[in-house]
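I opened the model to look up its ligand sites. My entries follow the structure.

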Amino acid sequence: MIAIVIVSHSRCLAEGVREVADQMASGQVTIVPVGGVQDQEGTHLGTDPMAVLQAIQDAWTPDGVLILADLGSAILSAETALEFLPPEQRRRCRISNAPLVEGAIVAALEASLGGSLDAVNAAAEGTGSLVKVARPHPDPRGSTP
Amino acid sequence: MGQQNGQAGNGQAISVEQIRRWLLAYAHRIIEQEEYLTALDADIGDADHGTNMRRGLEKVKERLEDPDCPCNSVGSLLRSVAMTLISAVGGAAGPLYGTFFLRAATSCNNSPAITPAQFAAMLRQGLEGVKQRGKAHLDDKTMVDSIQPAVEALEAAIGQHKDLRQALHEAAEAARRGMEHTAEIPARKGRASYLGPRSIGHQDPGATSAYYLFETAAQVLATPAHRRESPSRHR
Amino acid sequence: MSRPRPPHPQPGPEGPASCSRTVTVQEPMGLHLRTGKAIVQTANRFQARIAIRNLDQDVGPVDAKSILQIMQLQARQGHRLELVAQGPDARPALEALAQIFAQPGEPAPPS
Ligand SMILES: Nc1ncnc2c1ncn2[C@@H]1O[C@H](COP(=O)(O)OP(=O)(O)OP(=O)(O)O)[C@@H](O)[C@H]1O
Ligand SMILES: [Mg+2]
């Protein structure tokens, strides 16, 4: 079963996404959240490639690790993290183009059902074109919602 | 490689100690310009470039001032700076500058000093690393817009056997023009790209912090370093 | 490891192993993600290919074994969903899926 890493600028956001994704996977999938940067003054919004690397290693399974990230430096950090992995591990990681929340929810369920790394990623990325708010739809039968 | 003699008529080798001083000067410059960089980022980004860079460069400064800092080769010094930036910066600039120094480090082996031509080659590798990492090209309104013209100017000047001081001066001038040019174009990469044409009229924060790299190089590297002042640095 | 995703069975006269059933979404907020999860998990227990069509939105057929496709159904309260299953265990599969749509405490609607 593949594992999932959630990368966000905010640690809280990453943990929240893990929470909703976990519910879909009934706790069967390893989901590791990572986010924020730390200095003497505390934790700030941002991403730390080395922390992402650690999260990938914590999540590691030979079936593969799917990385879902929010934006900008989260992607750059994930890419940088992969450079520090041995090539045979790197080959079993994917950085997904999926929207973070929807992607994580779908990926978690698909992963729990035993989907392969690429199949789970494809399903997660498919959420990018999901209709969330149904636009008024001409209904020949005239039924009302 | 490992040879220390300059070539191409400019005859000056750049020692690891000079590189250390350059990066220290860069760290000071960034820390001093924190507010300005953040203000530039407030216009077209999320107002954290100065904070991010200051956080990273403070760690770099600590590292460079540490007597245990790996100062026996240019490569290990740059690698140490790269790793510090990668884990301390926090924004897009972290992986980008980190990759810049990491690629630069791999290009210069274990030499305790490098020729100006090797210095230019090292920066070229760094530039290619940034472009690859950020998938950015010239005129995308990023740090590439000051690094690329600077590297090209440096390569050209060294190719024409100009002396190091002149070559570095031309590189810094090219970086400055590149930085200023970012105010005239829309952003196509990074957070500022969400603003599209509204980013015109604002200078890119990353191009500005990258300009300081060449500005300080021209100030520090053109003058040969006297010997290490601190014997504890000897390893 | 990848689960096979066969083409959707189409409603209509098929082999003897094909059957269909229409259910109605009862949930006030429409087809909830948790229900979607139950559908996908249940559907994946069976060999049969199972397709769902939203008769009221004219969406589908989609694969009942894929959460992404179920989310695309735009199923709201009162919408009628047609389930079509094909395969050796098509009948028990529809039986099990219909249970999910039954109101809590109520028996599954008859086919
Ligand atoms: N893809 C890219 N390629 C090259 N340079 C980039 C890229 N994205 C951003 N930059 C540079 O980084 C600078 C912004 O750095 P900063 O540290 O503020 O990161 P950020 O954009 O706030 O990161 P985050 O994605 O975490 O919000 C920009 O001004 C630009 O020069
Ligand atoms: Mg910023």
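**Ligand 1 and the magnesium site**

I listed the 23 residues around ligand 1 (a heavy atom within 4 Å); those that come nearest are A:His9, A:Ser73, B:Asp46, B:Arg191 and B:Asp204. This is a predicted model, in which local features need pLDDT of at least 70 and side-chain atom pairs pLDDT 80 or more, while totals for chains, interfaces and linings use all residues. Residues are numbered from 1 along each chain as written, chains are lettered from A and ligands numbered from 1 in the order written, and side-chain values use heavy atoms, without hydrogens and water.

I noted that the site is shared between chains, because residues from chains A and B surround ligand 1.

I then looked up the shell by helix (a DSSP run of H or I, at least four residues, numbered from the N terminus). In chain B, H3 (49-65), H5 (93-107) and H9 (205-220) each supply at least two residues. H9(B) gives the largest share, three residues.

I checked polar contacts (N or O pairs within 3.5 Å). A polar side-chain atom of B:Arg191 is 2.5 Å from an oxygen atom of ligand 1. For a polar backbone atom of B:Met143, the distance to a ligand 1 oxygen is 3.0 Å. The side chain of B:His49 places an N or O atom 3.1 Å from an oxygen of ligand 1.

Next I looked up the magnesium ion (ligand 2). Its protein donors (N, O or S within 2.8 Å) are the OD atoms of B:Asp41, B:Asp46 and B:Asp48, at 2.0 to 2.2 Å. I recorded their spacing along the chain as D-x4-D-x1-D.

Conventions. Donors = N, O, S within 2.8 Å, 3.2 Å for Na, K, Ca; no water. Polar contact = N/O pair within 3.5 Å; in protein donor to acceptor, adjacent residues only side chain to side chain.
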